[in-house]
Amino acid sequence: MSGSHHAVDLPAQADSGRIAGRLRIALVVICVTQLMMVLDGTVVTVALPSIQRGLDMSMVGLVWVTTAYTLTFGGFLLFGGRIGDLYGRRRLFMIGVGLFTVGSLGSGLAVNDISLIVTRGLQGIGGAIASPTALSLVITNFPEGKLRSRAMGAYAGMSAVGGAIGQIVGGVLVDMVSWRWIFFISVPFGLFIMFLSPRVLDEGQHRRGRLDVIGALAVTAGMVLLVFGLTNAASHGWGAASVVRSLIGGVALLVFFVIWEARTPHALMPLRIFKDRNRAGAYTIGFFLGTSGIAAFFFVSLYLQQVLGFSALQTGLSFLPIAGVVIIATQVASRLVNRYPPHLLIAAGAFLVALGLGWLSTMDANSSFFDILLPQLVLWYGSGTTMVPLVLTAVSSVSEAEAGLASAVHNTCQRMGGAIGLGVLATVSIMVTDTDLKSTSAGAVTEQARHAALTHGYAQALFVGACIAIFAFALTMLILGTSRGRLARKRARLRNPVSSDGSGLTGQP
């Protein structure tokens with residue numbers, strides 16, 4: 001669509017604040033993309049037991065169905081936003097949606113665990129390109145003011161809607177058709193988006209620069225090797241050559257990534273972004289808290305279906321109260337953050353996360369649904385409480401030009417923390433369950449014994465998750481527990497983010 005057409009219908013819309021015509025279709029395209037990405041992260045959760053049965057997968061393979069997407073999405077998220085700026089946001093948006101659509105089709109057609117894990121990784125790469133460029137396209141296509149505010153509100157609303165309905169959609173598809181349809185459902189949406197994008201979205205201006213391909217590959221490969229080593233330790237033992245090589249290789253690649261980012265002038269993740277104490281602390285705390293959400297969804301979903309005998313739809317419906325609690329917590333926190341220091345809200349939230357996970361870890365094979373619902377509400381209220389103050393701290397004292405980078409680094413840290421954390425907790429769960437099953441009396445293992453062993457494994461993993469959340473609480477008090485004077489200076493920087501020398505990062509020494 002030409003820029004002249006854009007100019008004809010913009011003035012009237014800008015005055016009224018009403019989105020109409022081509023811009024309305026453009027917003028639909030962007031919002032459907034965001035909904036598709038969010039849905040993919042939630043519908044899979046309730047389908048895990050069905051996928052495990054359908055492809056005869058081990059617990060380790062099931063972990064990789066989740067982490068293959070999370071790792072590639074998190075690893076290429078910064079890279080995806082960068083290439084959109086350099087080569088055209090609309091063009092890369094369409095490429096990202098195309099890769100995601102092909103990955104979705106491949107996941108639905110998967111014949112074994114390897115093919116599903118590979119296509120899930122392709123989905124993650126597509127999502128990492130499409131997601132940041134979708135947000136950029138809101139800014140490119142909607143002028144500042146009422147139109148952009150409304151567009152941003154609709155875009156953000158898709159995250160809440162997708163999180164709430166994703167579990168139900170997944171449950172309906174698994175129970176009524178097949179687990180494969182949780183992936184197939186994205187294909188028509190992807191084709192719809194690619195058909196309309198060149199007709200309703202403006203390309204925007206390109207920027208000059210170079211890509212940090214080496215950085216993107218190094219950080220993603222390093223994380224993959226770490227998670228591979230952690231998840232295989234359960235079945236092969238910590239001393240196995242493959243486990244040791246994977247862990248050493250992963251650490252080596254991550255060290256190389258840090259060294260490379262410090263030296264290259266076109267860094268994917270400029271290390272200066274970590275120079276501010278509070279901001280670096282927010283990234284670190286987000287990394288550890290990233291473990292809690294993904295672990296709770298993963299193990300509770302398995303427990304409800306494999307031990308309590310819930311259907312996929314019942315499991316999806318059981319997560320609805322959690323969506324409501326998160327929405328309430330974020331709204332309350334967004335009001336309190338103007339009255340109290342952000343670190344107090346983060347600390348309170350982290351403590352509630354630890355309390356909820358610790359309480360949840362007391363479950364056994366005879367627990368009822370309500371026995372695990374209450375601790376989940378505590379856990380997710382705490383998680384929702386941390387969201388707003390963590391983001392505000394993560395983007396504090398940066399220039400407007402680097403606010404997107406600071407936010408993307410925060411998002412990346414949370415996703416990577418979730419992937420590595422799930423690898424650790426799944427290893428704990430598998431080891432405990434295997435030990436319990438081996439210690440049972442000789443002969444066939446009864447259904448009751450198997451349920452008890454599975455639940456014990458899930459509970460111990462959740463207990464370790466509680467310990468990680470307590471560690472995040474301690475970090476919050478140690479790193480972000482600033483004096484009133486330092487807090488006042490930080491608030492002053494928030495009001496005037498650009499430093500006097502124009503560097504844009506006032507946190508630099």
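Modeller: The questions below concern a predicted model.

Biologist: At what angle do helix H3 and helix H11 pack?

Modeller: Two packed helices are described by the angle between their axes and the distance between the axes. For H3 (residues 59-87) and H11 (residues 277-306) the axes lie 13 Å apart, and the angle is about 145°.

Biologist: How do the residues of the contact of H3 with H11 divide into nonpolar, polar and charged?

Modeller: H3 contributes Met59, Leu62, Val63, Thr66 and Thr70, while H11 contributes Ile294, Phe298, Phe299 and Leu302. The division is seven nonpolar, two polar and no charged.

Biologist: Is the ring pair of Trp64 and Phe228 stacked, edge-to-face or tilted?

Modeller: The ring centres are 6.5 Å apart. Planes under 30 degrees apart count as stacked and those over 60 as edge-to-face. The planes here are at 50°, so the pair is tilted.

Biologist: Is Phe228 buried, partly exposed or exposed?

Modeller: Phe228 lies in helix H9 (residues 213-236), 164 residues from its partner Trp64 in H3. Trp64 has 10% relative accessibility and counts as buried. Buried means under 20% and exposed over 50%. With a relative accessible area of 36%, Phe228 is partly exposed.

Biologist: Where does Phe319, the partner of Phe297, lie?

Modeller: Phe297 and Phe319 make an edge-to-face pair, 4.8 Å centre to centre with 75° between the planes. Phe297 is in H11, and the pair ties together parts 22 residues apart in sequence, because Phe319 lies in the loop between helix H12 (312-318) and helix H13 (320-336).

How values were computed. Residues numbered from 1 in each chain as written. Predicted model: local features only at pLDDT ≥ 70, side-chain atom pairs only at ≥ 80, totals over all residues. Heavy atoms only, no water. Axes fitted to C-alpha atoms, helices over the stretch in contact; angles between N-to-C directions. Helix = DSSP H or I, 4+ residues; strand = E, 2+ residues; numbered from the N terminus. Contact = heavy atoms within 4.5 Å. Nonpolar A, V, L, I, M, F, W, Y, C, P; charged D, E, K, R; others polar. Phe/Tyr/Trp six-rings, centres within 6.5 Å; stacked < 30°, edge-to-face > 60°. Buried < 20%, exposed > 50% of the residue type's maximum accessible area, 1.4 Å probe, protein only.
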